[in-house]
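User: Hello! I am new to this structure and would like to learn how to read it step by step. Could you guide me?

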Amino acid sequence: MITYWKNQNGLVQIRQFEKDCWMNVVNPTPSEVSMLINKFKVPEEIVTDILDTDERSRLEVEGKWLLIIIRIPIHDPSSTSQPFYTVPLGVLLSSNFMMTLCAQESDVIRELTRYPYSQKINLNDKDDFIMHLFLRSATSYLKNLKQISITSNQIEKDLSKLAKNEVLHKVLGMEKCLVYFITSLKSNELLLAKIRSSRYPILNSVDEDDLEDVIIENKQAIEMANIYSDIQKSMMNA
């Protein structure tokens, strides 16, 4: 699915591509992938990398594109074995528009486009857009970590009621979710450090205070994930 967004007294969705717009691509069909490659001249290897669930966070220049890949959290309540995991979200910046690409829908993008938060987005300031994206990602991690904590507390209450194998399965599932979160958050932390020291012209005007806020939120999420991971290990020992 492809949607287009532009500033018109806040962020609004438009019908088709326009110069200086934001193009959001989610779980693209083969024909949409072909359009990205042929019409918008996105290198095929970049599209393939972003849609690879194991792709790491990184920052690089490829032709006319500045590519940023971050890892964002996903919550799938229908999954009993692994309800929380992470996926890559690619941000592609060129001189006349920007694009986000992800294999799945996410709360990160939904929050950016939802009123009233959408009123804060200024597509004319690409640096500001990237900082909002990172901030929503860190906030989403914290939100999901709180949900993991609630789930873990419930598992702990059920320890004396459920069969041991069933409890073990649930604890292992939560621990696996936390490993994914910690790995992705640390990968994002390295990416933020690279952005701070970046000499790419398009990132030279990143507001240092905004970047510091994002780094702090990301560190808080890492600390919280580590604490919950330790709790899970204690439950496993029990």
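Analyst: Gladly! Let us begin with a term: a salt bridge is a side-chain nitrogen of Lys or Arg within 4 Å of a carboxyl oxygen of Asp or Glu. Keep in mind that this is a predicted model, where local features need pLDDT of at least 70, side-chain atom pairs count only at pLDDT 80 or more, and totals for chains, interfaces and linings use all residues. Residues are numbered from 1 along each chain as its sequence is written, and side-chain values use heavy atoms, with hydrogens and water left out.

User: How many salt bridges does the structure hold?

Analyst: Side chains of opposite charge can pair when their charged atoms come close. Here there are nine salt bridges. One of them joins the side chains of Arg136 and Glu111, at 3.8 Å from N to O. This pair links distant parts of the chain, with Arg136 in helix H4 and Glu111 in helix H3 (residues 107-113), 25 residues apart. Helices (H or I, at least four residues) and strands (E, at least two) are DSSP runs, numbered from the N terminus.

User: Is Arg136 buried or exposed?

Analyst: The scale is this: buried means under 20% relative accessible area, exposed means over 50%, and partly exposed lies in between (1.4 Å probe, protein chains only). Arg136 has a relative accessible area of 15%, so Arg136 is buried.

User: Which residue forms a salt bridge with Lys6?

Analyst: That is Glu18, at 2.9 Å from N to O. Lys6 sits in strand E1 (residues 2-7), while Glu18 is in the loop between strand E2 (11-14) and strand E3 (22-26), twelve residues away. Lys6 counts as partly exposed at 22%, and Glu18 is partly exposed too, at 31%.

User: Which residues are linked in a network of salt bridges?

Analyst: Asp49, Glu55, Arg58 and Glu60 make up such a network. Within it, the closest N and O atoms of Glu60 and Arg58 are 3.0 Å apart. Arg58 is buried, with a relative accessible area of 8%, whereas Glu60 is partly exposed at 24%.

User: In which sense do strands E4 and E5 pair?

Analyst: Two strands pair if DSSP finds at least two bridges between them. Strand E4 (residues 58-62) and strand E5 (residues 65-75) are antiparallel, with five bridges. Leu59, for example, has Ile68 in E5 as its bridge partner. The two strands form a hairpin with two residues between them, and Gly63 in the turn has a positive phi of about 65°.

User: And how do I read a cavity: which residues line the largest cavity?

Analyst: Rolling a probe the size of a water molecule over the atoms shows where empty space is left. On a 1 Å grid over the protein atoms alone, a cavity is a set of points where a 1.4 Å probe fits but cannot get out, and lining residues have an atom within 4 Å of a point. Grid points are joined across faces, edges and corners, and a volume is the space filled by probe spheres set on the points. The structure holds one cavity of 30 Å³ or more, and the largest cavity has a volume of about 40 Å³. Its lining is made up of Phe134, Ser137, Ala138, Tyr141, Asn188, Leu192, Val214 and Asn218. Helix H4 (126-157), helix H5 (164-196) and helix H6 (208-237) each give two or more residues to this lining, and H4 provides the largest share, four residues.

Notes. 1 Å grid on protein atoms, 1.4 Å probe; cavity = no way out; pocket = protein on both sides within 12 Å on 5 of 7 lines; lining within 4 Å.
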